[in-house]
Amino acid sequence: MLAKSEPVIRAYLRSLVQDYHDHSEIMQNVFITTWDKFSTFEGDQEDFCKWACVIARFEALKHRQTKARDRLVLSEELISKIADEGIQEHQKTSQWVVKLEHCLTELPAPNRDLIKRAYSPNQSIKELAKEKETTPDALYQKLRRIRKALAKCMDVPPSPSYSI
Amino acid sequence: MNDSDHELIQLYLDGNLPDHKWKEFSQRLERSADMRREFRKLSVLDENLRAQSLGFPNLAEREQNTTPPSYLPWLVAAACLVLTFISWSTPTQSFPASTSPETKQVQLASVLEPAPPIAKLIDFYDLQFKNTDKPVEDICFDIGKYEIERGQLHLRFNNSVELLFSGPGSFEILNPKLVSVTQGNVRTIVLNDKGKEFTILSPTSRYIDWGTEFSLNISSSGEDLVNVHEGAIEVQCLATQNKSQMLTRFSKVIDSPEFTPVLIDKQLENSMPGEMGGYRNQELFDKLATDPDVIGLYDFKLPLADKDVLLQRIPQSWESSKNNLTPNRWVPNLHLSNTNASHGIFHGANRTNGRWPQANGLNLFQKNAHLSLDINQNYENFSFSCWLKPIGKLNNPLNSLIRPYRWKKLGNLSIEVTRSGKLKQFLWGEPHIQELQPSKRKLSRDWNHIAYTFGKVGEKTVSSLYLNGKLYNEVFPNFTNSIVLRNVIIGCLNNKDGKYLNQFNAVLDELVLFRKTLTKEEIEKFYHSGLPTYELNNLSLAATSVAP
């Protein structure tokens, strides 16, 4: 259950935590808490996903409190709002995750390669821009266009053969 | 929701949102439900692309990894029957009439690259899983639980973390950076920054690896023994998650009373990468035993064959003493069909630990210690390979590795090691051949791989020595056309007066003789095949010995 729901929980948490390193640490906490408290859970896959998202919400807000003094963080009210909407519409998140994999295959191969490389942990945008003989700003622009196209594609209803 | 909202979200997720736009972003997000929806969608996009690049399986792979229910094969079979009937009953229907979701799925799947499993199998030894008899090589180490009855397993996560597990016990892969262990002995090594934060969960505690190497024994009684070999790990008590303590190799006791289930044991030394290499090495030897280019294969284990069988291929120098020999003096030639090289017999030496646990090497420790064997033919193409570990000092100006009993004719080869550990090669009748670019490398105190090759390369005859997979020196003989060894002595030389001199004070293991000229690539492969695998991929190792 946890394995199947993980992409949805990760994505949900991403909307609540900006820093990627913090995100991965909180995600580990979510994993451990769900794993630890699994004996108390009753329900199906969908309920589990929702339950884990509630745990993620709690962990994210707990983390937000540690960053309260930081000027550049979203307010607690806003994070709560995004978190609540995310839980209410967690099925939508599932659909987006499913759809994203389809959308990636529909990208032209050079764009797909570019976006995958841009997210590769050992690849800096500066180096990639140099390799593609462009500037980092231009590359960021191109990546934004690709992501925008993917985001548009993700709203097309998923094929019935996939479900979470 | 407009383009500028979209851009703000992307800047935020990239971590590039300028300070002066932060307030605007926050306010617009607060006001617009549409923007928040788009924000959540782009978070899905961002997170999944990042997770996949870090080795997390995508959804399709997770679906594949889920164990199918037992009735599924029957359903598939029934569906196939129905489809066969439909296709038979409607022959006029063209294909593809339209792109059905299923067809589209197949087309899309072909575009997706097959993703590797979360953990890569590196090695195993005497391994038995509880619920399956499936060969270990066929098991896909993805998210799931693995129960081990006995034996050892070596896995690599995301090219960044080595996990060595010794049973009995069980572990569960929860994600590429999180493994829960109910019982068993673990050694974890973080190879590079990507592997930091790799976490082991025991029933009572959580061990976060911050770029280190540590051993951990988790018992069924709920007590954990831990020893940090290098770097630092963070230990957290699961009952009081906020409490954590950093442990280094200098830590002697756990300070806080909350950590009572965790004990530091400085003697704890779980299995190292490479220790299971004995299995890989055995596989290599099994392969060489049927290789038509191999003439001699010696691993120094105690002979299984009885004396009568061994006596059929006795080295000439031992012919007169054959009745006094005991089987433990024999080193059988393990090649299954080639009889060109005899079995070996040693003198002044004994069997000792070889390169791997449970393997034997030959300790040439006495002044007259040597191994004798015969090679019946002359070889225009010849190679040999062995592993050597010096013990103590090399006592002589030249220490003899291999040469014939009598140094008297063209084709005789001798390889010697100087006191300082440099390799020299000599060919009878070729006193003036010059080494090209003599190497400055020396034999190390650890296991060294030495290989020799002889044969024609184009028009020239080349005689080359290799140390640890790399060319050491090569010469171009003027008169020697083939290697003539006949009665070989390994480990010292026998002079005209019958005295044994120039003892090579070393342990010898895995000796192989070939009737072909090994290429540089073959020697490199041979060398690497006998090493701990983690060294192969040029991974930057945090801190461990390279020696097996």
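Me: Which residue in strand 14 of chain B is the bridge partner of B:Val331?
Reply: Quick note before that: this is a predicted model, where local features need pLDDT of at least 70, side-chain atom pairs count only at pLDDT 80 or more, and totals for chains, interfaces and linings use all residues. Residues are numbered from 1 along each chain as its sequence is written, while chains are lettered from A and ligands numbered from 1 in the order in which they are written. Strands here are DSSP runs of E with at least two residues, and helices are runs of H or I with at least four, numbered from the N terminus. Strand 13 and strand 14 (residues 344-347) of chain B run antiparallel and are joined by two bridges, and the partner of B:Val331 is B:Gly344.

Me: Is A:Glu133 buried or exposed?
Reply: A:Glu133 sits in the loop between helix 7 (125-131) and helix 8 (136-153) of chain A, and its phi is positive, near 55 degrees. A residue is buried if 20 or more other C-beta atoms (placed from the backbone) lie within 10 Å of its own, exposed if 12 or fewer, and partly exposed in between. With 6 other C-beta atoms within 10 Å, A:Glu133 is exposed.

Me: What is omega for the peptide bond between B:Gly167 and B:Pro168?
Reply: B:Pro168 belongs to strand 3 (residues 161-175) of chain B. The bond joining B:Gly167 to B:Pro168 is cis, with omega about 5 degrees.

Key:
Pairing = 2+ DSSP bridges.
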